[in-house]
Amino acid sequence: MNKEVLLEVKDLNVYYRVYEGLLHVLNDVSFSLVEGERLGLVGETGCGKTTTFRALLRVLDSNASSRGDILYKGRNVNKMSQTELLNTRRTEMSMIFQDPTSSLNPVFKVGEQISSVIRANLQAKGINYSENDIKNIALKALSDVLLPDPERIFESYPFQLSGGMRQRICIAMSVATERKLLLADEPGTSLDVTIQAQILGLLNNLVKTTGMSVILATHSLGVVRETTDRVCIMYGGEIVEIGPTRSLFANPFHPYTRALLACVPKLTGEGIAEGIPGEMVSYLNPPKGCRFQPRCSFCNEDCNRTKPKLTLYEDDHYVACHKADL
Amino acid sequence: MDIPILKLSMLKKYFPYKKGSFVKAVDGVSLEIFRGETLGLVGESGSGKSTVAYTVVGMYEPTNGQILYNDQDISSLYKFRSNEIKGKIRIVFQDPNSSLNPRRTIRQILFTPLKLHKNDRYKGFPASPEALLEEVGLSSIYAYRFSRSLSGGERQLVAIAHAIATNPDLVLLDEPTSALDVSIQAKVINRLMDLQNRYKLSYLFITHDLSLMRNVAHRVAIMYLGKICEIAQTKEFFEKPLHPYTQMLLSSIPVVTDEEEQLKPKKITSRGEIPSPVNIPPGCSFHLRCPFVTDQCKKLDPDMKELEARHYVRCHLYK
């Protein structure tokens with residue numbers, strides 16, 4: 001691979017201070033992303049997908065603290081000054097959220113919201129602009145995301161549009177400003193399957209045409225399989241398996257990945273597995289060794305004591321498990 | 001063939017909207033559910049599938065059409081129904097957080113239906129809240145807890161226990177697992193299947209997840225803008241989908257294995273969005289999104305046709 005590494009996360013730890021004590025949510029999360037790559041981040045509710053995104057943008061809640069290195073184009077996000085950070089957010093990274101209803105302001109027209117994003121972006125880049133330029137860029141972005149009649153949408157309020165259209169507007173905001181990295185947090189979850197397919201297809205096309213990189217967080221294994229190049233499987237704030245999408249789905253090693261795949265209802269109609277016993281790990285007092293160990297049917301004393309490291313099993317396919325070769 | 005547990009004939013439910021116009025949520029739905037059968041009712045949001053369930057259970061009064069329970073007309077509101085009917089048709093809602101009373105213990109919640117429907121139960125049916133909890137696979141120590149101390153999946157199991165407390169014939173499941181993670185969903189679905197086998201329950205399973213229906217339902221019906229487009233036996237439905245909308249839905253499902261990929265119909269690219277049920281397009285309501293649209297589709301609404309044994313489809317493509 002000769003493509004440049006865009007983002008590198010090394011040993012990212014995130015803690016939340018709450019009434020009951022200190023929650024150790026992300027535990028040594030490491031991954032990297034090259035330019036134009038689509039990376040999937042999969043796991044169940046509460047496994048730390050959104051926390052990872054918030055840590056990448058440094059928009060964690062005030063009771064959180066993050067440790068570790070987030071290298072974006074070689075610069076450490078965690079050590080940037082406020083102005084540098086703001087500039088990065090305005091020109092390089094952007095995020096789209098699960099619920100397009102609440103990520104747009106209901107009292108401003110769509111056009112004003114897109115324009116303000118573009119204005120901030122152009123200012124940060126130090127480019128001279130006129131209001132007319134901004135409108136043209138916005139209209140072009142709206143038609144890039146295949147919205148019918150951009151002029152009308154520009155003058156609409158968010159409540160006049162459907163969920164799929166609002167999600168397209170959120171994507172248009174990052175297209176208009178030529179971001180390098182798009183963090184998509186469950187972009188299709190609140191939408192119907194047909195609309196979800198349209199949105200994911202759109203994202204795929206944008207990656208091809210604009211060369212931006214996407215990190216897609218979702219709990220749907222089917223979605224990542226169809227839209228990403230590489231996948232990280234997360235459980236309890238840790239990455240348990242990471243590998244190229246094709247080989248990971250064809251040959252999953254980690255017991256959690258296997259159990260999760262077995263739970264997904266299949267079109268072949270072979271029935272549904274019993275589900276994974278036990279409950280999601282408590283971050284207040286996580287197990288010392290492997291965090292999946294209390295729910296794992298293969299565990300032994302090793303798993304109890306030491307935390308497994310991500311080890312290479314196949315081409316570019318890493319697994320964090322003591323028993324994965326079984 | 002025996003009498004269906006539930007039969008809907010041309011059921012309509014319109015809600016008044018601005019200036020004499022109506023939201024046609026359900027616009028002529030006919031279907032039958034037999035004893036021990038699961039009928040999957042699938043559709044996008046806004047297609048009217050939940051309204052069907054709410055009308056059947058008596059939360060809404062139908063605008064037109066009939067609801068027959070064992071050949072007996074029950075097209076009235078819940079409060080006018082007999083106690084027996086209320087106990088025989090029960091519903092489980094999507095969000096267990098809002099369907100369980102946060103101020104009552106699980107025992108109190110489960111005790112109410114047991115008390116109200118005392119006479120309708122037969123021997124061998126769980127008669128106490130604790131027994132009901134064990135019936136759905138929860139420990140009886142949960143009885144003295146509040147719903148807030150339970151996880152999402154456990155709450156949904158309590159809601160299911162509440163629904164089966166009266167020994168019902170028909171349970172309407174309104175997206176019971178769409179708020180849950182897949183590993184939890186698997187548990188809840190397996191419990192539901194156990195209960196169905198044990199008590200010969202019939203389910204009307206409302207969902208937008210077609211792959212789930214492949215594993216759970218005996219028959220599947222697709223709804224679009226208040227009307228049913230296609231009904232068939234599950235196996236046939238997935239092997240030979242006929243309606244273009246069914247094909248579009250099937251081809252949009254994200255799948256996890258290569259075998260599944262081959263089962264999907266040839267890619268019909270999804271386009272457009274479901275129109276508003278206030279202005280249902282004339283002719284076939286799907287014609288705006290259909291890739292095979294003809295002039296006929298724009299003018300004439302197709303009728304339901306039985307193409308093969310118990311495989312009904314509503315489309316002009318099939319004569």
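Before we look at two helices, let me say that an axis here is a line fitted to C-alpha atoms, for helices over the stretch in contact, and that angles run from 0 to 180 degrees between N-to-C directions. What you see is a predicted model, in which local features need pLDDT of at least 70 and side-chain atom pairs count only at pLDDT 80 or more, while totals for chains, interfaces and linings use all residues. Residues are numbered from 1 along each chain as its sequence is written, and chains are lettered from A and ligands numbered from 1 in the order in which they are written.

In chain A, the axes of helix α3 (residues 110–125) and helix α4 (residues 131–144) come within 9 Å and cross at roughly 110°; helices are DSSP runs of H or I with at least four residues, and strands are runs of E with at least two, numbered from the N terminus. That makes α3(A) roughly perpendicular to α4(A), a term that covers angles of 65 to 115 degrees. Among the residues that meet are Gly111(A) and Ile114(A) from α3(A), and Ile134(A) and Lys135(A) from α4(A), where contact means that C-beta atoms, placed from the backbone, lie within 7 Å.

Turning to chain B, there is an open sheet of 4 strands in the order β2-β1-β4-β5, with antiparallel pairing, and two strands pair if DSSP finds at least two bridges between them. The edge strands are β2 (22–33) and β5 (72–73) of chain B, each pairing on one side only. Strand β4 (residues 64–69) of chain B is joined to β5(B) by 2 bridges, and Tyr69(B) has Gln72(B) as its bridge partner.

Finally, where the chains meet, 35 residues of chain A are in contact with 30 residues of chain B.

Notes:
Parallel < 35°, antiparallel > 145°, perpendicular 65-115°, else oblique. Contact = placed C-beta atoms within 7 Å.
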